[in-house]
Amino acid sequence: MRIVIAEDSALLREGLIVLLERVGHEIVGTAADAPELLTAVDRAIASQSPPDLVITDVRMPPSHTDDGLRAALDIRRRHPGVPVMVLSQYVADAYVHDLIEDARGGVGYLLKDRVGKVASFLRSIETVADGGVVVDPEVVRHLSGRRRAVSPLDRLTERERTVLGLMAEGESNTTIAQNLHLSEAAVAKHVGNIFAKLDLPPQDTNRRVRAVLTYLRESTL
Amino acid sequence: MHPVVSVSAWTALRRPPWKLLASSLPWRSGAYLITTVLIGLVGLAPLMVTWFAAPLWAISLARLERLRVVVLGAAPIPEPPTGTAGARVGRLARRLREPVTWREVAYLAVFVVFTAMSFVLIVTGATAVMVGATTVLGIQPDAENLVAQSVASLGAPAGVVVSLVIIVLLVLSYLTTALALLQSFVAQVLLSEQSEALARRVSDLTYSRRTLLEGFDIERRRIERDLHDGAQQQLVTLGLRLALLEIELDDLAGHGSDVSAARRALSAAQDDVDAAVTSLRDSIRAIHPRVLVDHGIAAAVHELASRLPVPVTVDINLPQRPDSNLEAALYFITSEALTNAVRHAKAHDVTVRGGQEGSSLWLDIIDDGIGGADTRKGTGLAGLRDRAEVLGGQLTLRSPLGGPTVLHLSIPVPANPDLTERTTPDTGSDSNSA
């Protein structure tokens, strides 16, 4: 897929480019700060080859705070449907909610260290590029047990919430089954129950993303 | 210093008369008052003419007067410290603005009164001595000797006159001693280093202590930035390179090569890199957490809470971000308190609340653990108290055996918002959520 990368550390940016190209992706734009990222995305879209994914560091120049995250929100606003994977230093960011509130999917939020776990990182970017939602396990762990006072999540059983948490981390039914030592059929049953309890009708094609978004929205950091 | 003199003056005057008179004190007092009068008489005319320069006269007089108490057997009064560095003109201007200068001017005014009183005492004493001498020596009155004339005009018997003179001289020596001690006491009070100088010294020390702490915080942030932008990025990149190697090995294996040994070595290297990244991340967090710098105390405490094995309710709402060293203090105090709650108090539930009330920030950390915490035990809590006190704050701990433990911190915030570099509002618990 075609990827735009924004990362202010030249070393890490180079490392990411080499890795992504090695596994067969095409880098169509690179940026070292937030304004460059916006330009790179605009240019890629203008040249009739819209990126399949934008990967951006949160903490970048010019202000070295959450410029990358704000740029990501900006990109989502200006070019709806461009998937964005955000890499952060920490669990909590002021604008994460805005990113996740975007109900269209195609967003990811991972802790930066995760890029070292290459296999799962590559899986995560595939999920996001396909319109899924991936949120870092540590963030999800932080979310679990923190819900608004009245929440549709209350209708879920403990097990179903665990399954939904793993879905939010971007796991497939297969990997969830492995994680929880369940059969895939059992996981599929839990997932079906989750969809039903969250009032997601079978004709909805993107129920998985919606379930995850509901989970994230109803949990507060 | 002056209490020492006043006490000794008081005891001197309460001594039996023969002891006082046998001591050197009345003589010293006489000498002190005579010099007072001499200085007064010499200085009065120039002062009258150049009254507008009274502060300068006062400064010079004060310098002399601090030394002159030596006549009474006291130690010289130390010169109060004044900011007298720098260019000559500026130095004088600054000296004139010192509070001690105004006390010196006050002393000059009082000195005039003392000169007059001393003058009266001395003239009286001199007259009494002359009357006595005239009587004892039997000097005959003549046209030039006014004293002898007046003595003769009294017509009193010589014995009565001499007794009266002795009584007058005794009373005078008491009055002289009292006046001299009083004047030196006033000199001590007005001319020595005063509470405002002490207060200034304390505020200087407080300032330098605070500056040192700020220096530490700045240094910590620099180290954190260096590690974060340098070593951490390099380690993560190293992890990526190893992952590339893994991909290449998979390729080789696909072509039928035996890569199992290489794969084991690589896997060990990857574990090492993971461990290094994790431990570096923990170190950086302990030195100065990035999230604190970027997003303020509420977000940083959320992040802190997310790593604890017990549920922590965080509710911190500040109208604006406090300055960075105050933020750091709040963070490290919370961090230590949370660690204590989990490690020592074995808490199952912790609440961190914070806010601003008027001009002070407050923070409560409440846990349902076993209690019994004491700021005197161990260095952790004592260190927190020091840290709060440096910022003018107060830390109170209530921790009965059996719990709950309530740690309350309140720290004044500078009234001047210019003191805080950043004006980004510190988002509260809800707006920091993800």
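Predicted model: local features only at pLDDT ≥ 70, side-chain atom pairs only at ≥ 80, totals over all residues.

Me: How many strands does the open sheet of chain B have, and in what order do they lie?

Reply: As a general idea, strands of a sheet pair through backbone hydrogen bonds, either parallel or antiparallel. Here the open sheet has five strands in the order 1-2-3-5-4 of chain B, with mixed pairing. Its edge strands, each pairing on one side only, are strand 1 (312-316) and strand 4 (394-398) of chain B. Within the sheet, strand 2 (residues 350-357) and strand 3 (residues 360-367) of chain B pair in the antiparallel sense over eight bridges, and Val352(B) stands opposite Ile365(B) in strand 3 of chain B.

Me: Which strands does helix 13 of chain B lie across?

Reply: Helix 13 (residues 324-343) of chain B lies across strands 1, 2, 3, 4 and 5 of chain B, running at about 10° to strand 3 of chain B, whereas helix 12 (residues 297-306) of chain B lies across strand 1 and strand 2 of chain B, at about 180° to strand 1 of chain B.

Me: What kinds of residues line the second largest pocket?

Reply: The lining divides into 12 nonpolar, four polar and no charged residues, and its largest share, six residues, comes from helix 3 of chain B. The space in this second largest pocket is about 460 Å³, and the lining residues closest to its centre include Pro26(B) and Trp27(B).

Definitions and conventions
Residues numbered from 1 in each chain as written. Chains lettered and ligands numbered in written order. Heavy atoms only, no water. 1 Å grid on protein atoms, 1.4 Å probe; cavity = no way out; pocket = protein on both sides within 12 Å on 5 of 7 lines; lining within 4 Å. Points joined across faces, edges and corners; volume = space filled by probe spheres on them. Helix = DSSP H or I, 4+ residues; strand = E, 2+ residues; numbered from the N terminus. Nonpolar A, V, L, I, M, F, W, Y, C, P; charged D, E, K, R; others polar. Pairing = 2+ DSSP bridges. Contact = heavy atoms within 4.5 Å. Axes fitted to C-alpha atoms, helices over the stretch in contact; angles between N-to-C directions.
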